[in-house]
Amino acid sequence: MPAKGQVALPVVVPKSVHVSASTRRARVAVFGIFGVNGFLFAMWVVHIPSIERRTDISHATLGSLLLVLAAGAIVGMQASGPLSDRYGSDRLVNISGSLLAVALLGPALSTHMVTLGLSLFAFGMFNGSLDVSMNSQAVDVERTYMRPIMSAFHALFSVGGVIGSLVGAATLATDIPIVVSMGGSALLGLAAVALCRPYLLDVSNTLDGPQQATPEVGHGRFSARVLALGALAFALLLSEGVANDWSTLQVKEHLGASDGTAALAFGFFAATMTVGRFCADRVSGRFGPVAVVRYGNLIAAAGMLLVFVSDWLPLTLAGWAAFGLGLSGSVPQIFSSAGNLGSGAAATNMSRVVGMGYVGFLAGPAVIGWSSHFLSLTTAMVVPLVLTSIAAAAAGVVRPRDAATRKAG
């Protein structure tokens, strides 16, 4: 048993160590849940213009309703943590995933601002709940594997998002009614969650003895370590949000590129982030999570510096690609560290860190938008440049407490 105040994290072990068939099935099931989450959320995103027209609302009203979605997500995240700790993340994954699939129908059926607002709050709440519970389940599976596998789960979310975007684009191009396309996606989501559910881990039956840890959260308080991890998640998800919303416009404004050419900036960023997430687990297993965060953010900062100084399109695109590659592995390491802070409040810790990160993800685009009233978009990119540089310096926050059992990087 670890001494008081220490935390046992997954141990880097040789690949020859046996992993049970049930654990392998659990890993595949969690892959499926992450993919379904990405798919369902992408189906909502690609239909936003259609839903805006259907409900006859302005861009400004839509922006306000997106804040309602965000509020619902934060509520769902904070509720899901304690519930997962009490009843098990496997149960919360099943419930949240099923309800999220059903909630996808809400925006599709909405014909008024009020009904759309209520639908988006519900959709956001179940999405936030699934976000926390599936990451908690992923930490449980990673712990039984005793080697890093967290980044690959996040890569599957990206893959699900790409599939959802392609499916959504195809249904829109063929004029399939939105109720049909989103209704079919909801049924597909329900079926996928039901298929994965039997193979998720029941932590009470799989994790005990030396893998237990002393909880770092008690009486509803944030520990210093949770706050530190949350601050790091805030900074990095803020940077990711900036890239998602402003990379294309930055290239268009700064270089005068066409819409199609400017869109390559986000394409390069998203592609390298997905590839990086598939590779980050091996890097973490060999060099430790601190190395992933430290050197990854140095790469991200270098990429953003290229974006900041470049007047040449290929170099700018290379900068956005490096930014995505550098960011790709950091957030999974943060979530894994949060989920391993304590056995008694693991999901609660996770909900707090994820919640703080989500606030950053929402704040990033807003910060750049406000800055663009006074600065060019390229100049405003100093914000993610500074944040990724700070994250590289603060990478030690994710170091496992039980340094004797896992490389610290």
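This dialogue goes through one predicted model, feature by feature.

Biologist: What should I know about numbering and confidence before I start?

Modeller: Residues count from 1 along each chain as its sequence is written, and side-chain values use heavy atoms, with hydrogens and water left out. The model is predicted, so local features need pLDDT of at least 70 and side-chain atom pairs count only at pLDDT 80 or more, while totals for chains, interfaces and linings use all residues.

Biologist: How many helices and strands are there in the chain?

Modeller: Helices (H or I, at least four residues) and strands (E, at least two) are DSSP runs, numbered from the N terminus. The chain has 17 helices and zero strands.

Biologist: What share of the residues is buried?

Modeller: Buried means under 20% relative accessible area, exposed means over 50%, and partly exposed lies in between, using a 1.4 Å probe and protein chains only. Of the 409 residues in the chain, 53% are buried.

Biologist: What share of contacts joins residues 24 or more positions apart?

Modeller: A contact means heavy atoms within 4.5 Å. Among contacts in the chain with a separation of 6 or more, residues 24 or more positions apart account for 85%.

Biologist: Where does H11 bend?

Modeller: A bend at a residue is the angle between axes fitted to the seven residues ending there and the seven starting there. In H11 the bend is about 40°, at Cys-279. After H11 comes Gly-288, with a positive phi near 100°.

Biologist: Which helices do the buried residues of H11 pack against?

Modeller: As a general idea, an α-helix has 3.6 residues a turn, so residues three or four places apart point the same way. The buried residues of H11 include Ala-262, Ala-265, Phe-269, Met-273 and Arg-277. Their partners are helices H7 (150–173), H10 (224–255), H12 (289–309), H13 (313–327) and H14 (330–339).

Biologist: What does Ser-158 touch?

Modeller: Ser-158 lies in H7 and counts as buried because its relative accessible area is 16%. Not counting residues up to four places away in sequence, Ser-158 touches Thr-274 and Arg-277, both listed among the buried residues of H11.

Biologist: Is Ser-80 buried or exposed?

Modeller: Ser-80, in helix H3, is buried because its relative accessibility is 0%. Beyond its neighbours within four places, Ser-80 is in contact with Leu-92, Ser-129, Val-132 and Ser-133.

Biologist: What does Met-350 contact?

Modeller: Met-350 is in helix H15 (residues 346–371). Leaving aside neighbours within four places in sequence, its contacts include Val-132, Asn-135, Phe-335 and Gly-339.

Biologist: How many residues line the largest pocket?

Modeller: On a 1 Å grid over the protein atoms alone, a pocket is an open set of points where a 1.4 Å probe fits, with protein on both sides within 12 Å along at least five of seven lines; lining residues have an atom within 4 Å of a point. The largest pocket is lined by 46 residues, and Phe-41, Val-45, Asn-244, Asp-245 and Phe-361 lie nearest its centre. H1 gives the most to that lining, with eight residues.
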